[in-house]
Amino acid sequence: MHTLSSGFSKYFPLLPIVMAMWLPMNSVAHDKDKDSDLPSDTPESVGVDSVPLVAMSKWLRDDQHNIYSILISKRGRLIYERYTDNLTRHANFESYSVTKVISALLLGKVMEDNGLSLSSEIEPFLSQARPDLASEFADKRGINVGHLLCMSSGLGYEDNNYGNEIYFKAPDFFAHAAKAKPLKAPGTEWNYNDINPIYLSALSTQASGKTLPELAESLFFGPMGMEHYVWGNGDKAGVNSSGWGIRLRTIDLAKFGLLILNNGNWNGQQLTPANWVATMQSPCKKANFAGPGPLLRQDYVKSEPEYTTSGFKGQFITALPQSDTVIAVNGTFDIDPDEDFFFHPNAPAESIDPNKQIYHLMLNKYILPAIHPTHPVESSANEQAALHQELQMALRSKGKANISMDAPDIPQR
């Protein structure tokens with residue numbers, strides 16, 4: 001299964017320069033006067049048992065896990081909406097590598113409009129678009145769009161400053177990324193790095209004539225009724241990172257989950273090609289890669305089909321097509337053991353710190369039993385009161401991060 005793993009380097013210490021460059025000139029920020037979000041309903045109205053969801057909230061609250069928000073949608077209706085630290089639906093959060101999936105969804109439409117495919121080689125196209133960098137592209141011949149998406153371009157990149165150049169300091173991100181040298185033949189080895197998304201970003205920008213924020217505004221953010229969104233971290237040449245940089249409300253993460261669940265269709269409008277979403281849900285061609293592909297992973301849920309995307313330090317979207325369910329989460333917590341489970345699936349459970357496998361536990365101990373109850377459920381005043389009371393207690397609570405907090409990790413209210 002193509003996979004977007006949890007993205008950003010775990011050693012990434014954001015420097016003070018972030019504060020000065022947090023909203024570059026070509027970022028997009030937007031609010032609407034009217035709320036156009038998902039319709040809400042009770043869990044029991046769609047056959048979901050609220051009792052495990054109340055228990056999950058109490059566990060997270062008692063143990064002070066730093067989960068800012070959890071939303072669950074079933075059958076297109078919002079049935080569970082939990083916030084902490086007096087946050088509201090309008091708060092937005094840094095999405096880190098969830099940005100990669102959104103960028104890939106955009107790319108599908110750009111490719112359709114410009115006659116590109118997974119097998120399209122990037123060198124001729126980018127050399128024509130950026131003749132000033134043509135000499136740097138000469139050693140990239142043979143790399144195609146599919147290689148970039150599968151993190152198998154063979155390009156290597158080292159940055160002792162943990163991404164400062166490629167994400168903040170370089171005035172021309174793509175000129176900086178063009179210096180990356182091939183270490184392996186394309187398509188032979190998986191290597192997760194953020195050079196690949198920069199190339200994809202440049203491809204989308206050059207092909208469409210629009211920045212990624214402009215594309216997202218016209219293709220997704222506007223049509224899907226999103227609010228309070230920001231796509232920052234742009235360079236002076238008009239390229240935004242497609243590896244991270246979008247700030248979204250949690251309900252808008254859920255909307256992207258629904259877009260994936262509905263094969264790119266939103267309320268009857270095909271925002272990105274259905275066959276492209278299917279591509280994102282399909283495995284990379286090489287089975288001997290050392291890790292996953294870049295888009296939608298299937299390793300959190302074992303009992304049914306699953307498409308999950310995750311971001312550094314705790315953003316998740318999980319779409320469960322069989323259950324017609326989407327889960328969206330924002331927080332700041334250590335998710336490295338989730339990666340360990342994925343890359344080392346046979347690791348003994350006792351070797352993993354249970355306090356660092358939070359999303360696995362949320363899904364498998366609480367959410368899945370809630371959406372697949374073993375007994376008939378009926379809405380009752382007592383259950384609704386218990387859920388309401390717990391959500392109010394969660395709202396007044398505040399978690400403790402078990403990982404470093406950097407400037408982008410602070411919710412924007």
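Guide: Welcome! A salt bridge is a side-chain nitrogen of Lys or Arg within 4 Å of a carboxyl oxygen of Asp or Glu. Please keep in mind that this is a predicted model.

Visitor: Which residue does the side chain of Arg89 meet in a salt bridge?
Guide: Arg89 counts as buried, at 18% relative accessibility. The N to O distance in its salt bridge is 2.8 Å, and the partner of Arg89 is Glu81.

Visitor: How many salt bridges does a search of the whole structure find?
Guide: Side chains of opposite charge can pair when their charged atoms come close. Some of the pairs here join up: Asp37, Glu81, Arg89, Glu227, Arg249, Asp252 and Lys255 are linked in a network. Over the whole structure, the number of salt bridges is 24.

Visitor: How many residues apart in sequence are the parts that Asp37 and Arg249 tie together?
Guide: The two side chains form a salt bridge of 2.7 Å, N to O. Both partners, Asp37 and Arg249, are buried. Asp37 belongs to the loop between strand E1 (29–30) and H2, while Arg249 is in strand E8 (residues 246–249), so the separation that this pair spans is 212 residues.

Visitor: Which helix holds Glu390, the residue paired with Arg61?
Guide: Glu390 and Arg61 meet through their side chains in a salt bridge of 2.7 Å, N to O, and both are buried. Arg61 is in helix H2 and its partner lies 329 residues away in sequence, so the pair ties H2 to the helix of residues 381–395, namely H15.

Visitor: What is the relative direction of H2 and H14?
Guide: Two packed helices are described by the angle between their axes and the distance between the axes. For H2 (residues 50–62) and H14 (residues 358–371), the axes come within 8 Å and the crossing angle is roughly 155°. Angles over 145 degrees count as roughly antiparallel. The direction of H2 and H14 is therefore roughly antiparallel.

Visitor: How many nonpolar residues does the contact of H2 with H14 have?
Guide: From H2, the residues that meet H14 include Met56, Trp59 and Leu60. From H14, those that meet H2 include Leu361, Tyr366 and Ile367. The contact has no polar and no charged residues, and its nonpolar count is 13.

Visitor: Which are the edge strands of the five-strand open sheet?
Guide: The sheet has antiparallel pairing and the order E3-E2-E13-E12-E11. An edge strand pairs on one side only, and here that describes E3 (77–83) and E11 (307–311).

Visitor: Which strands of the sheet does H14 touch?
Guide: H14 packs on this sheet, and its direction makes about 145° with that of E13. The strands in contact with H14 are E2, E12 (315–320) and E13.

Visitor: Which residue of E13 is the bridge partner of Leu71?
Guide: E2 (residues 67–74) runs antiparallel to E13 (residues 325–331), with seven bridges joining them. In this pairing Ser69 stands opposite Asn330. The bridge partner of Leu71 is Ala328.

Visitor: Which residue of E13 pairs with Phe316?
Guide: E12 and E13 pair in the antiparallel sense over six bridges. In E13, the bridge partner of Phe316 is Val329.

Visitor: How many residues of E13 are buried?
Guide: Thr325, Ile327, Val329 and Gly331 point one way from E13, whereas Val326, Ala328 and Asn330 point the other way, and all are buried. E13 is therefore largely enclosed by the rest of the structure, its buried residues numbering seven of seven.

Visitor: Which residue takes a positive phi in the hairpin of E12 and E13?
Guide: Most residues other than glycine have a negative phi. The hairpin has four residues between the strands, and the one with a phi near 55° is Asp324.

Visitor: Is Met151, with its relative accessible area of 3%, buried or exposed?
Guide: Met151 is in the loop between helix H6 (145–149) and strand E5 (155–156), and its phi is near 55°, a positive value. Buried means under 20% relative accessible area. At 3%, Met151 is therefore buried.

Visitor: What share of the residues in the protein is buried?
Guide: The secondary structure comes to 15 helices and 13 strands. Of the 413 residues in the protein, the buried share is 60%.

Methods:
Residues are numbered from 1 along each chain as its sequence is written. This is a predicted model: local features need pLDDT of at least 70, side-chain atom pairs count only at pLDDT 80 or more; totals for chains, interfaces and linings use all residues. Side-chain values use heavy atoms; hydrogens and water are left out. Axes are lines fitted to C-alpha atoms, for helices over the stretch in contact, and angles run from 0 to 180 degrees between N-to-C directions. Helices (H or I, at least four residues) and strands (E, at least two) are DSSP runs, numbered from the N terminus. Angles under 35 degrees count as roughly parallel, over 145 as roughly antiparallel, 65 to 115 as roughly perpendicular and the rest as oblique. Contact means heavy atoms within 4.5 Å. Ala, Val, Leu, Ile, Met, Phe, Trp, Tyr, Cys and Pro count as nonpolar, Asp, Glu, Lys and Arg as charged, and the others, Gly among them, as polar. Two strands pair if DSSP finds at least two bridges between them. Buried means under 20% relative accessible area, exposed over 50%, partly exposed in between (1.4 Å probe, protein chains only).
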